[in-house]
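Please look through the model below before reading the notes. They are meant as a short briefing.

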Amino acid sequence: MVTIATTQRRRRSGLGMAMPAILLLLAFFVVPVVMLLTRSVTDPEPGLHNYAALLGSPTYGRIFFNTFFVSGLVTLITALIAFPIAWALAIMPRLPAGILFAVILLSMWTNLLTRTYAWMVMLQQTGIINRMLQSIGLIDTPIQLTNNLIGVTIGMVYIMLPFMILPLYGVIRKIDPAILQAAALCGASRMQALVRVLLPLAAPGIASGGLMVFVMSLGYYVTPSLLGGTANMMLAEFIVQQVQSLLNWGMGGAAAFVLLVVTLALYALQLRLFEPRETR
Amino acid sequence: MTTPYLHIDGIRKVYGEVVATDHVELTIGESEFLTFLGPSGSGKSTTLYILAGFQDPTAGDIRLRGQSILRIPSHKRQIGMVFQRYTLFPHLSVGENVAFPLRVRRMGRAEIEEKVRNALALVRLSGFEDRMPSAMSGGQQQRVALARALVYDPPVLLMDEPLSALDKKLREEIQLEIRRIHQETGVTILYVTHDQDEALRLSDRIAVFNRGRIEQVGTGAELYAGPATRFVADFIGDSAFLAGRLATVSGNRASLRFPDGTVATDVPVHGGGTVDQEAELMLRPERIELTREPGPEGTTLPVTVQDITFLGNNTTVVLRTGWQQELSARLSFGHPLVGGIGRGDNLHIRWQPDVAQAFATP
């Protein structure tokens with residue numbers, strides 16, 4: 001929608017050309033959202049009682065906590081893993097960097113269900129990870145890695161990594177290596193150069209990657225439902241349960257709308273904090 | 001013998017098969033301004049990067065006040081450097097950029113403030129503390145970079161073609177600034193450039209680099225008047241090289257015979273030489289006298305005027321020798337021949353015996 005808005009500003013005459021796309025978005029995106037929003041305040045009876053119930057009860061509060069906690073943790077861990085990978089991609093010679101890219105993109109393009117089931121197999125009690133940890137003597141008995149939030153976090157970090165690596169790579173690649181040489185001659189140790197120069201310069205990439213990962217995590221369904229089990233429900237699972245099993249469209253709509261508002265708020269925050277820097 | 005302030009001792013750097021620098025040997029005095037001059041790929045930047053600690057030499061040593069610095073990592077060498085590209089930290093203001101080296105040294109706030117103020121005053125950018133680098137011109141950015149490199153009083157300041165991205169007028173302006181700053185601070189400067197004018201304008205001494213080796217070290221005047229190799233003669237100042245063969249050789253003096261049979265006698269010859277070896281006679285255009293009559297035997301050549309260009313303070317006359325080699329002479333404004341000669345005129349050049357030199361072709 002943003003691209004349509006900017007296109008309009010640039011070339012008003014292009015509006016006609018954009019009409020099919022606008023109509024498509026209206027019919028299949030805006031209308032359903034509005035319908036869902038309407039149902040959330042009319043179903044089963046008019047009023048804000050769906051929202052009151054959703055935001056007021058500790059049961060639902062637990063779901064919100066799970067969702068935000070896991071999403072935040074996933075974002076943090078993803079950033080920590082993605083940063084060195086993006087840095088390596090930026091400074092590697094062309095060929096090895098290309099191979100690493102291919103590996104990252106290939107995993108991204110592999111079917112999501114397949115990848116999640118693969119994690120289920122690896123993380124189970126007799127799975128390769130538990131056996132490895134046992135064989136090196138780190139643990140005595142297998143630890144529970146599926147059907148809880150640990151499994152969800154591991155699976156989601158893996159799935160989200162490319163979405164963090166790519167924007168980070170884009171930003172880091174533009175940093176002149178001579179700036180880091182200058183920092184070194186100025187007396188900055190590697191750690192100081194990282195904290196005082198590299199991280200601030202990479203901040204827009206961390207922000208846009210982090211936002212993407214966080215927002216995607218908030219609404220993620222497949223991985224939490226397969227690796228998390230029913231006891232540790234997250235928001236997307238809750239919406240599916242409300243709509244599919246309980247046919248409670250009002251409550252499902254309210255939850256979906258809360259998710260949408262949070263997402264848009266985060267996006268607005270990111271625009272405000274980092275957009276001027278990126279265009280500078 | 002006293003220990004030299006900075007001693008670059010036999011530095012050699014090999015990348016795979018390529019020898020970037022070889023046997024680079026140089027001593028630099030405290031507060032000296034020494035320039036590495038040479039074409040790109042001559043090893044001057046490699047030498048500078050080894051000094052900065054970005055590269056390790058294959059062999060050799062670098063000693064500052066007698067202590068080897070090669071094992072000290074870049075960030076502990078205390079060396080200052082201004083780079084070819086603008087390397088200010090784009091997310092920090094000018095003041096924060098200059099304060100950066102002091103902050104990482106965990107200096108006190110008051111001390112940092114004072115040093116930053118002094119450093120910015122030195123490069124005449126007082127009051128620019130809060131400006132962002134992106135809001136400054138290239139010349140201003142390089143001055144901030146200079147302040148940042150000087151703020152911690154480095155024993156040596158390295159400058160790697162810092163003005164190459166600037167236009168000519170700005171370049172000359174900042175050259176004067178650099179000279180003034182060198183005089184005011186007394187910092188030892190190693191400067192890399194491929195621009196001979198810049199080298200002559202700035203330096204106490206110049207080391208001419210070619211193919212990874214130093215061809216000659218000396219003051220600008222020494223290099224201009226007494227180039228040790230043809231490369232130096234060609235690189236510093238304009239010169240005419242007249243090709244001939246050695247006719248007689250005695251010690252390091254020789255006479256040359258040109259293809260038209262004319263002989264230049266008793267010139268110093270560089271690069272050894274045996275009779276009949278190919279050699280070139282070097283003449284500086286402003287030392288070539290143009291006359292209607294031939295000069296004394298052995299210091300004169302018949303020439304034909306090819307072209308005359310008036311350039312204000314001098315008139316450049318392009319001449320052709322009997323064997324069709326071109327050279328140019330400069331006539332100062334008001335010279336009696338100016339206005340009196342034209343294309344196709346047959347004239348003579350002559351030179352004082354002490355200004356000509358010959359380089360034997362190896």
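The points below cover a helix pair in chain A and a sheet in chain B.

This is a predicted model, in which local features need pLDDT of at least 70, side-chain atom pairs count only at pLDDT 80 or more, and totals for chains, interfaces and linings use all residues. Residues are numbered from 1 along each chain as its sequence is written, while chains are lettered from A and ligands numbered from 1 in the order in which they are written.

**Helix pair in chain A**

- Helix H9 (residues 177-185) of chain A packs against helix H10 (residues 190-218) of chain A at about 140 degrees, with the axes 10 Å apart; helices are DSSP runs of H or I of at least four residues, and strands are runs of E of at least two. Axes are lines fitted to C-alpha atoms, for helices over the stretch in contact, and angles run from 0 to 180 degrees between N-to-C directions.
- Ile179(A), Leu180(A), Ala183(A) and Ala184(A) of H9(A) meet Ala193(A), Val197(A) and Leu198(A) of H10(A) (contact means C-beta atoms, placed from the backbone, within 7 Å).

**Sheet in chain B**

- Four strands make an open antiparallel sheet in the order S2-S1-S4-S5 (chain B); two strands pair if DSSP finds at least two bridges between them.
- Strand S2 (18-28) and strand S5 (67-68) of chain B are at the edges with a single partner strand each, so one side of each has no neighbour in the sheet.
- Strand S1 (residues 6-15) of chain B pairs with S2(B) over seven bridges, in the antiparallel sense.
- Leu6(B) is opposite Ile28(B) in S2(B).
- Helix H1 (residues 44-52) of chain B lies across S1, S2 and strand S4 (59-64) of chain B, at about 115 degrees to S1(B).

Terms used: Two residues are in contact if their C-beta atoms, placed from the backbone, lie within 7 Å.
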